[in-house]
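Welcome! These exercises walk through a protein model one step at a time, each with a worked solution. Have a look at the structure, then try each task before reading on.

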Amino acid sequence: MWKCRVLRPVAVLACAAPLLAQSAGLTQAQLNARAKAQNVPEIPFEPVPNFLKLPAGLYLGEGIGVATNSKGHVFVYTRSQATRLFEFDQKGAFVREIGEGLYGFVFAHAVRVDPQDNIWAVDEGSNMVIEFNPQGRVVMVLGRRPEPQDAGGPPLPAPGSAPGPYTFDRPTDVAWDAAGNIFISDGYGNSRVVKYDRNGRFIASVGAKGSAPGQLNLPHTIATDTQGNVYVGDRSNARIQVFDNDLKFKAIYDQVGAPWAVCITPGPHQYLYTSNSNPDTNNAEIGAVTGEIYKMELDGTILGKFGTAGKQPGQFSTAHEIDCRNENELFVSEITAWRVQKIILHPGK
């Protein structure tokens, strides 16, 4: 088990266990991509084969997002011929499609379910975050789909100008605190995190593109703990940044590679899962040193890892979202394998 602590004021993660010095034979690209933490204990696990059962003639495209609700139903957000959102029951049987043909569905990025079982879809293509109630009706929309300039839409912001409170540029994920405040990672274009109240009113934002503490370079995934702290997968900086509930910088965890997906389990003892995914280019060179998912304490202590890159059951092909409502029963959506896997962990073995 890795015991780590956060040092201040520089706020970098320092770990007592030495890094493995086995770099012989690795290319520079592999050294850049692999996690800094080495000799991490392996967590025994097994995949549940063919868990999701689609109707005849219906297929998943890229596995972009996955989430579960309080009943154990599974929601899958996929890019296929069009962006689509499917619901399955707790046994994997198909239930329904939500939002078919919706104006805000252009290019899926994440789906989450809040504590009230509302379903939230984050669409990178439409620049919209859409809340559905449990019955599948739209009840809130944040952001707005870009309009063609020749249709008389508003002018685009000038390069380098600050984004507006409701203007997203390829948003990536959403999370909530106990009061219902909403946190959105506004990822590819704006490199920031935005906080709204439960009714969608802007409160604050943090971040600008860069690599200093508090700056972000593609915030790709986001989660909150029961204390309201915000954990941001700062993917292109290969680190997780932690902010308090007011979006004040707290810590950096930079030992577990590039966080494509993060998830925090429910309390009372919460754990953080993060995926150091192989890239969606199917780069075999990078895939050889990535693909694993880490289990961590919220203070950054690394407890173990599981998985490798690949397309076989139990391997991960660009894990894009993780659902961890149950600590030892995970759902993992994968881009380049066009699937969602149910994973059972056996940490006691």
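This is a predicted model: local features need pLDDT of at least 70, side-chain atom pairs count only at pLDDT 80 or more; totals for chains, interfaces and linings use all residues.

**Exercise 1. The enclosed space**

How many cavities of 30 Å³ or more does the structure hold?

- Step 1: Rolling a probe the size of a water molecule over the atoms shows where empty space is left.
- Step 2: The search gives one cavity of 30 Å³ or more, and the largest cavity contains about 40 Å³ of space.
- Step 3: At least two lining residues come from each of β8, β16 and β24, and β8 gives the most, with three.

**Exercise 2. The open space**

Solution. 
- Step 1: Start with the volume of the largest pocket, which is about 800 Å³.
- Step 2: The pocket lining divides by class into 16 nonpolar, nine polar and nine charged residues.

**Exercise 3. A strand and its partners**

Decide whether strand β22 is enclosed or open to the outside, and find the strands that pair with β22.

Solution. 
- Step 1: A residue is buried when its relative accessible area is under 20%. Five of the five residues of β22 (residues 293-297) are buried, so this strand is largely enclosed by the rest of the structure.
- Step 2: In a regular strand the side chains alternate between the two faces of the sheet.
- Step 3: Check each face of β22: Ile293, Lys295 and Glu297 are buried on one side, and Tyr294 and Met296 are buried on the other.
- Step 4: Strand β21 (residues 271-276) pairs with β22 in the antiparallel sense over five bridges; here tyrosine 273 has lysine 295 as its bridge partner.
- Step 5: Strand β23 (residues 302-306) is also antiparallel to β22, over four bridges, and isoleucine 293 has phenylalanine 306 as its bridge partner.
- Step 6: The hairpin of β22 and β23 has four residues between the strands, and glycine 300 in this hairpin takes a positive phi near 100°.

**Exercise 4. Nonpolar cores**

Identify the residues with the most contacts inside the largest nonpolar core.

Solution. 
- Step 1: This core has 18 residues, and those with the most contacts inside it are Phe75, Tyr77, Leu85, Phe105, Val111, Ile119 and Phe132.
- Step 2: Two or more core residues come from each of β4, β5 (74-79), β8, β9 (119-123) and β10 (128-132).
- Step 3: Take leucine 85 as an example: leaving aside residues up to four places away in sequence, its contacts include Phe75, Tyr77, Arg96, Ile98 and Val111.
- Step 4: A second, separate core has 17 residues, including Ala35, Ile240, Ala251 and Met296.

**Exercise 5. A loop residue**

Is proline 268 buried or exposed?

Solution. 
- Step 1: Proline 268 sits in the loop between β20 and β21.
- Step 2: Its relative accessibility is 90%, so proline 268 counts as exposed.
- Step 3: Compare proline 268 with threonine 226: they are 42 residues apart in sequence and 8.4 Å apart in space, C-alpha to C-alpha.

Conventions: Residues are numbered from 1 along each chain as its sequence is written. Side-chain values use heavy atoms; hydrogens and water are left out. On a 1 Å grid over the protein atoms alone, a cavity is a set of points where a 1.4 Å probe fits but cannot get out, and a pocket is an open set with protein on both sides within 12 Å along at least five of seven lines; lining residues have an atom within 4 Å of a point. Grid points are joined across faces, edges and corners, and a volume is the space filled by probe spheres set on the points. Ala, Val, Leu, Ile, Met, Phe, Trp, Tyr, Cys and Pro count as nonpolar, Asp, Glu, Lys and Arg as charged, and the others, Gly among them, as polar. Buried means under 20% relative accessible area, exposed over 50%, partly exposed in between (1.4 Å probe, protein chains only). Two strands pair if DSSP finds at least two bridges between them. A nonpolar core is a set of buried Ala, Val, Leu, Ile, Met, Phe, Trp, Tyr and Cys residues joined through side-chain atoms within 4.5 Å. Contact means heavy atoms within 4.5 Å.
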